[in-house]
Amino acid sequence: MRDTQASKSRSLLYAAAAFLLLATCVSSQAKADVPTFTVGWSVYAGWNPYFYMQKSGILKKWADKYGIAIKVQRFDYAASLDAFVAKNIDACTMTNMEAFDLPAAAGVDSTAIIVGDYSNGNDAIIVRNGLTFDKLPGQKIMLVQKTVSEYLLERGMVLNGQQANLSKLKLINTSDSDIVAAFMNNKSNPVVVTWKPLVSQILADKSVHSIFDSSKIPGEILDLLVVRTEVLNRPDGSGQKFAKAVSGAWYETVAQLAAGQANAIKYSAGASGDSVESYKEQLKTTSLFATPKSAADFTTSPTIKQKMDLVRQFCFAHGLLGQGIKSADDVAIIYPDGSIQGKKDRVRLRFNATYMQAAQQGKL
Amino acid sequence: MVSGVSAPVKVANETGTVVAMPSPAATSIHVDGVSMCYPLAKKKQRTVLENISLEIEDGEFVVLLGETGCGKSTLLRMILGQERPTSGKVYVSGKAVERVDARSGYVPQKYSLFPDRTVLDNLTMGPETSKYHILGRLMPGFRSFRKQVRKEAMRQLEHMGLRPTDAGKYPHQLSGGMQQRVAIAQALMMKNRVLLMDEAFSALDPATRASLQRLLKTVWNESKPTIVFVTHNTAEALYLGTRLIVLARSSHEDHCGSKVALDMKLPGNEAGMSLKKNGQEFLDLVDYVERFSRGNRHDDQALDESAVDGEEEAV
Amino acid sequence: MAAFSPFDIVDIQARPNRLVAQALSCLLFLICIGLYMQTSINRHKENPEDRVTPNATQLANGIHASVFEPAEEDDYIPADDASKWERFKHSMIVKDTVSSGRRFLISLALLIPAVVLALHIGLFPWFGAGFLRFVLFFDKIVALSLLPILFIVFGIDEWSKIALIVIGVAPTMILDVTQMVKAVPQEQIVKAFTLDANNFDVAYRVVFRQVLPQVINSLRLNLKPMMLFLFAGEMIAASDGLAYRIAIMRRHMGMDVILPYVLWVAFLLFAIDLSLRLLNRRMHPWFQA
């Protein structure tokens, strides 16, 4: 009696398992029909809205409109770039500098389809004891080397007439996860270069102050959404649909954020575990291109070429383009007007304003 | 205790040798009412030795005999200073024993040599450390002293029947018997009057064992040190000793510790007793002694076993 | 030799031909190299500038840059006619090896007092009572999580990295050595005392000498954790060192430099391990297994 019952329940189990297997097969079959794209993002004031965009259903609405599926995945910044270069994700948020020196320099042809914001004070150089730029040489400077932090430091030195002393800076490469503790606890380390919200944590100590921040170099540190060009140019046109869907969703999200909608701000703040106040404070120093028009205008202006030139020369001078690259021109950039910075046969990074303009014209 | 005292007289008559009881004045080792208890779980304790008193004269070769677990090794370790009695006191050379020191030499069954030193270094270690401690080795006189000690060590080595070529070998390159020879030599280098040996030959094969027994006998005959030799082998005990002490417990209860069951003088001449020489007399003696080591309990099986044991190992 | 049957693979008593066995031991290496080359070629077909799996030319350039070019942050600029040796002396791999090596050796030296402490814990009852429980507890602390405290106490320079290594490895080492000391037969200690040795003779001239080969073996096993902690420290805050270079290169996927560095570190560890093993065999001919 017991045996038959047991075997009965076991066969029931098998049936259920088989059914489940079948169901997953069918559903994955159904999914496979819809082109799926993955967007990687990392924690930063200008990118946190991606979290809200997904949570609120805005992204799904736009994806459905174009008949595709879009997944959003949060990464550590470095890991998101690795995943993008390794072609594990289709699109990724990154700064203009990383877009140039990582995927582009590594030969992965990339296209920036959204210029989301520029850092307008998010990155800062903080000193103790009232140090000034002319006293920085010889001091220990903590920062994450080869990132926008080092770029900001160099620009600060140059703009303050200290270009000749650049080689005398003593840089200490410090992981961003420990940089606050390392700076606050060691009075012997007088200078730190980092970004928000770490800047806000450090500045809470009244004995230190910022001597330079990214608001002095507006438009040089850009935050982009970059898509692999081969994805964008897929023959079935799904890449185009993806770009349009993401752009549409992005500007709907940003509009809500700019209008100060409570949920938009709350979820964007929650994406990085920040309080609403802290996030609002970060937004103040983030110059968000809230409308597609402002973004498109900036992307098509001559200014962006000047700014990018500064960045690419910095990258080349610091060997960020790798051993094989002998000139900054080896990694060329093409702008919306068709002009090319660098060698024509080596275009690797493309600024594409098409989708921002389409959003501006309401054609998405 | 009563039987222990009366026994030697009787046996001495049997073997035809009359020996006087030791006089307290000449004692080398004095064990004074010693007991040993180990705590067990739940507030119980196990008594190993119960109120043991012994006087061992200078120059005696005492063999401590008993079954496994009777506490004969514990008694030896107390004389050595490695264990402290629960009650009572032990005196060696007139002074109370508190901890292990150089008053007694020691030859254990295993790990008797330092594996990281050559045979020669094992021999010289005693005199060297006793004269020059760890930092004293840097003093100027050390080198010439060492030379002298080495010469003496080589002499001792040859005396123990080892070849000079063995001096540079490490213990693991020697056989078990050779190792014990070196261990005895090492203890003798210290020239102390008391030598404690804990089952020193028990791990050896019979032939090697016999030759070591002869060696030990010779050594004792030469300089007459006080030796306390622990063994469970009756034949060995009869061959080596001048005095035989048997430890046994009267019951297996935890609270009941071992006592001296038999304390008798042996002829202790240069040859020692053996089956070959003493024949039936030897066998009778073995039988007699083993009755005491079983605590006078007449357990047939145990009797058979030990009788066979004794015959096999008899030299 | 009889013909090879597939069942020989699971035969404990099989006696493979020496040449075949040698060849077999190289097989996995060859497979690894082959797989790497395959991946590299495929990726380069797709993207000629791929950096994730550099090809031979890229690797050669990377090795050349690390062995003959000065580090980017250095002031030294090689003269055009500088000899190879001159260039090598100022190269980044030499600079990084020297600074990482210094940290490593200082930590190694700091393990000596740890071993001495362990000897005392295992041998002297009062030391055991005082330290053992604390070390047992401390051993379970994940050293990396103490980093902010280390920064406060040791600053962010050399000493915090060295402290990280020592705190990470020393407790394990102490417990290990304590066990070894306790495993020295009691007979040896008693014997030494009967030979008129004093406490320090017993500790240093009897017990320490006997456990030293085991201590060196334990150290050999701890080389890798030490390197791991060194790398963690250098990746968190440093201005030179092998892991610093790897961290910097990772930022722009400089695998052409990272791969030679990784192999170099593996080689260094292997060399240290081998020399410790040979030293052990030479110093302690009496030590078996």
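A salt bridge is here a side-chain nitrogen of Lys or Arg within 4 Å of a carboxyl oxygen of Asp or Glu. The model is predicted: local features need pLDDT of at least 70, side-chain atom pairs count only at pLDDT 80 or more, and totals for chains, interfaces and linings use all residues. Residues are numbered from 1 along each chain as its sequence is written, chains are lettered from A in the order in which they are written, and side-chain values use heavy atoms, without hydrogens or water.

Select C:Arg209 and B:Asp116 to begin. Their side chains form a salt bridge, at 2.9 Å from N to O. The rule finds 1 salt bridge across the interface of chain B and chain C.

Next, display the whole interface. It draws 31 residues from chain B and 23 residues from chain C into contact (heavy atoms within 4.5 Å). B:Phe114, B:Asp116 and B:Ile134 supply 22% of the area that chain B buries against chain C, more than any other three residues. Buried area is the accessible area (1.4 Å probe) that two parts lose on being put together, summed over both; for chain B and chain C this is about 2600 Å², 61% of it on carbon and sulfur atoms.

Finally, move to A:Val115. This residue is buried, with a relative accessible area of 0% (buried means under 20%, with a 1.4 Å probe and protein chains only).

Technical notes. Buried < 20%, exposed > 50% of the residue type's maximum accessible area, 1.4 Å probe, protein only.
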